[in-house]
Amino acid sequence: MKQIAILGSTGSIGTQTLDVVRENKDLSVAALAAGTNIEQLEKQIREFKPAYAAVWDEQKAKELTVLVKDTNTRVVSGMDGLIKIVTLDQINIVVTAIVGMIGIRPTIAAIEAGKDIALANKETLVTAGHIIMPLAIEKGVKILPVDSEHSAIFQALNGENPKQINKILLTASGGPFRGMKLDDLAKVSLEDALKHPNWSMGKKITIDSSTMVNKGLEVIEAKWLFNVSVDEIQVVIQPQSIIHSMVEFVDGSIIAQLGMPDMKLPILYALLYPERRNMHGERVDFAKLASITFESPDMDTFKGLKLAYSAGKTGGSMPTVLNAANEKAVSKFLNREIAYLDIVRIIEQCMNEHKLVDNPNIEQIIEIEKSVHELIESRW
Ligand SMILES: NC(=O)C1=CN([C@@H]2O[C@H](COP(=O)(O)OP(=O)(O)OC[C@H]3O[C@@H](n4cnc5c(N)ncnc54)[C@H](OP(=O)(O)O)[C@@H]3O)[C@@H](O)[C@H]2O)C=CC1
Ligand SMILES: CC(=O)[C@@H](O)[C@H](O)COP(=O)(O)O
Ligand SMILES: [Mn+2]
């Protein structure tokens, strides 16, 4: 029996992970964590009977304690709670399906405790990849990508010599605004930005896909996961989201991973790696597939992608600034406090004004995040 902890069990990746657990009887949930949604967490506790549940919000944690007092689940709260549940003796693998840089400390704690990581929470690698990847190697811990593109690259690299990679071809849908120019983007609404053409996901990543900042974060995520430079990663628009990414090797051969846009596949692959197992759901039917097409990204219009390449190349604390500014700006856009194009304007200004720290430690990363958030609050 494989025992898992899920950080972010009430979200898009978290609930799909629980769907995978329902279908695979040798997976068991030992711990769950959410931010505030205790109604859903209570239902999950009653169904999956974890030993622990963590709630970020202390008041909500107290309320949940009362709600589940007839169960054997212990409720914990805050950062201590997250760290407690990922380090439990019985846990084999932690699914990091929490959103944002808040995932850094629990991910590091889990690695230090020797737990494998099924990593969805890309913001942790973007900001702290230089700490997380060497630590995972030191502790002999596997970082198994859940992000669909990175799972595809991981699958394409199975059995290959990573030194023989020529480049990574990271596919992108192009989002709901593919083909638009800045004049059009100035007029888009929150509702428009939340309509992803192929994937149903949490709000933050859906906005990131629309600005293509998601792809930029994924370039930096791939740099850390596969030990390549950002110059060796080419973004290719593949609007149908059927090819999830590809690897070109030194001999010119390209290996791609294809599948329907369904996150349960990369989740299952990460949880059972190296085993493959039958999964319910729609399959790619080439007889019905009208076409698979390709385009180059328009990085002048979708400047967030260009800024991410620049942050990834600069390294040090710059990816933290990119990510922290994006998290704050997206939250403001979701609250209707700023316009759509302000998201990338804010990121660019924060990056321009940042004084680089070469090799930031965790405390510096968190401090830089705080100062970027304060700057944005004071100015926008
Ligand atoms: N959705 C997808 O298809 C994909 C997502 N990802 C990545 O996976 C991560 C999760 O994305 P997604 O599932 O879409 O996000 P959602 O917004 O749907 O879910 C986020 C989850 O995190 C929980 N959470 C938020 N803050 C805290 C906190 N401080 N402490 C504990 N739990 C917290 C939320 O709890 P609550 O419900 O209580 O707020 C919720 O369970 C992101 O990093 C995203 O980039 C990557 C590839 C695909
Ligand atoms: C499902 C997944 O992995 C998302 O990160 C997805 O890639 C978003 O689509 P975009 O290609 O539009 O960013
Ligand atoms: Mn992705």
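Guide: Welcome! Two strands pair if DSSP finds at least two bridges between them, and strands (E, at least two residues) and helices (H or I, at least four) are DSSP runs numbered from the N terminus. This is a predicted model, where local features need pLDDT of at least 70, side-chain atom pairs count only at pLDDT 80 or more, and totals for chains, interfaces and linings use all residues. Residues are numbered from 1 along each chain as its sequence is written, while chains are lettered from A and ligands numbered from 1 in the order in which they are written.

Visitor: Which way do strands E8 and E10 run, and how many bridges join them?

Guide: E8 (residues 165-172) and E10 (residues 243-249) are antiparallel, with four bridges. Ile165 faces Phe249 of E10.

Visitor: In which sense does E8 pair with strand E9?

Guide: With E9 (residues 233-237), the pairing of E8 is parallel and has five bridges. There, Ala172 has Ile237 of E9 as its bridge partner.

Visitor: How do I read two packed helices?

Guide: Such a pair is described by the angle between the axes and the distance between them. Axes here are lines fitted to C-alpha atoms, for helices over the stretch in contact, with angles from 0 to 180 degrees between N-to-C directions. For H7 (residues 148-156) and H12 (residues 264-272), the axes come within 9 Å and cross at roughly 50°.

Visitor: Which residues make the contact between H7 and H12?

Guide: H7 gives Ser148, Ser151 and Gln155, and H12 gives Pro266, Tyr269 and Ala270; contact means C-beta atoms, placed from the backbone, within 7 Å.

Conventions:
Contact = placed C-beta atoms within 7 Å.
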